[in-house]
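Subject: Structure handover

Hello,

Here is the structure I said I would pass on. My notes on what was found follow below it.

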Amino acid sequence: MTQPNEPRAGDAPSTPEGPVYGREAAYASHDVGASTQDAPTAARDHAAGQPAPTWAGPDDQHGAPAASPGDPSAARPPVGGTPAGYPPPGYPPPGYGPAPFYPRNDLAVWSLVLGLLSVLGCLFFTGIPAVVVGGNARRAAAAGEANNDGMATAGVVLGWVGTALGGLLAIMFVLTVLLPLMFVGFAVPFLDGPWRH
Amino acid sequence: MTSRLTPGVAAGTTAPHPAARRGAVLPFVVGAAAAAGAALLVVRSPYQPLSYGICPSVLFLGVYCPGCGGLRATHDMLTGDLVGAWSVNPLWTVAAPLLAATWVVWTWRRLRGGPPLTAPRWLPWTVLVVVVAFSVLRNVPVLAPYLSPGPLP
C-alpha cells in the first residue's frame with residue numbers, strides 16, 4: 001500500500017473513499033494482466049480487508065473502468081475498503097452478481113424420482129422413462145443448461161436397475177407361468193380323461 | 001390439420017407463434033394414445049379374468065404395487081363408477097383426473113404459444129413420497145380394506 005500506483009494513477013479516484021488502493025484488479029485478472037510485482041501487494045491489499053468484487057455488479061459504477069488509458073488490467077478503485085486487517089474472505093462478499101440460473105435442472109430430479117420408483121416396484125414402467133429423461137438431463141447438463149449431472153446419472157443407473165429387475169421378472173413369468181400353461185394346453189388333447197372333448 | 005392446429009386464427013385472435021404450432025402436435029399424439037387406451041379398457045374389461053394378463057408383482061413378490069388395480073380403476077372411472085374406482089386404487093383415482101387436467105393445460109399452452117409448462121419444484125419429490133407411502137401402506141393388513149386392490153379377478 002505504500003507503493004504509489006503511478007501506472008494506475010490514471011484512474012480518477014471518484015469514490016469518496018479516497019486514496020486508490022487500486023490492486024483489486026490484480027485479484028480479478030490475476031491470470032491475465034497483473035504484473036508479477038503486483039502479486040505480493042495484491043495479497044497485502046487483500047489482507048488489509050479490501051473487498052474484491054470485480055467480476056460483476058455495482059462496483060463497475062465506481063471509478064474508472066478499463067477505459068483508463070494504458071491500463072490493461074482495468075484497475076478500479078475499491079469500494080469502501082478499510083484496512084481492518086481481517087483475513088481474506090472465504091467467499092465473495094455480496095455484490096458478485098446474480099446467481100446463474102439453470103433452467104433444466106428439473107429433468108434430473110424427475111429422472112431420479114422415476115429411477116427410485118422403478119427400483120422400488122414400478123420396474124420398467126418407470127425405469128424406461130427414467131433412462132430417457134436421465135439422458136436428456138445429462139445432455140442438458142453438458143450443454144450448460146443444468147448443473148445436476150450427478151443426479152441425472154443416478155436416475156439413469158436406477159432406471160436401468162429397475163428395468164433389469166423388470167426384465168428378470170418377465171423372464172421368470174414366461175418360464176414359470178406361460179410355458180407351463182402352454183404345455184398343459186398342448187398336452188390336453190392327448191390325455192385320456194374327462195378333459196378330452 | 002392446419003385448421004385444427006390454429007383455432008386461434010379461426011377465432012379471430014392473433015395467430016400463434018409458428019413454433020407453437022409445431023409443438024402442438026405432441027399433446028395431440030399423447031391424447032390420442034390415451035384415448036385409444038381408454039377405449040380399449042372400456043371395451044375389454046379388466047374385470048374379466050386374465051384379460052390383461054397377470055400382475056407380476058402379486059404373483060412373484062406377493063405385494064401390491066402402487067399400480068395394482070389401476071386398469072380396473074380406469075375402467076370404473078370411464079364407466080362412471082367412481083366409488084368402485086376408489087375402492088380399487090385410490091391413488092390413481094385422484095391422480096388420473098389431475099393428469100387429464102395437466103394435459104388440458106399443456107395442450108392449451110402449446111396451442112396458444114404461451115410459456116412452456118414447468119412443474120413446481122416440489123412436485124417430483126412429492127410424487128416419490130406419495131407413491132412409496134401408498135405402496136407401503138396398501139400392503140399393511142390393517143389398512144387393507146381401504147387401500148388394497150382386493151382380490152384379482
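How far apart do the end C-alpha atoms of residues 107-128 of chain A lie? They lie 14 Å apart, and the span is 95% helix and 0% strand. Helices (H or I, at least four residues) and strands (E, at least two) are DSSP runs, numbered from the N terminus. A UniProt annotation, "transmembrane region" from an unreviewed entry, covers these residues. UniProt positions follow the numbering used here, feature names are shortened, and annotations may be inferred rather than shown by experiment.

The model is predicted: local features need pLDDT of at least 70, side-chain atom pairs count only at pLDDT 80 or more, and totals for chains, interfaces and linings use all residues. Residues are numbered from 1 along each chain as its sequence is written, chains are lettered from A and ligands numbered from 1 in the order written, and side-chain values use heavy atoms, without hydrogens and water.

Chain B

For chain B, the unreviewed UniProt entry places "transmembrane region" at residues 24-43, 50-72, 92-111 and 123-147. Residues 50-72 of chain B are 39% helix and 0% strand, with end C-alpha atoms 12 Å apart. Residues 92-111 of chain B are 100% helix and 0% strand, and there the end C-alpha atoms are 28 Å apart.

Salt bridge

Over all chains the count is 1 salt bridge (a side-chain nitrogen of Lys or Arg within 4 Å of a carboxyl oxygen of Asp or Glu). Asp149(A) pairs with Arg138(A), their closest N and O atoms being 3.8 Å apart. The pair links distant parts of the chain, 11 residues apart: Asp149(A) is in helix 5 of chain A and Arg138(A) in helix 4 (residues 124-142) of chain A.

Surface patch

Helix 5 (residues 149-187) of chain A also holds Leu175(A). Leu175(A) belongs to a nonpolar surface patch whose other members include Val157(A), Leu168(A) and Met182(A), with about 780 Å² of accessible area together. Patches are made of residues with over 30% relative accessible area and no salt bridge; like charges are joined within 9 Å, nonpolar side chains (Val, Leu, Ile, Met, Phe, Trp, Tyr) within 5 Å. Accessible areas come from the Shrake-Rupley method with a 1.4 Å probe, and for residues only the protein chains shown count as cover.

Regards
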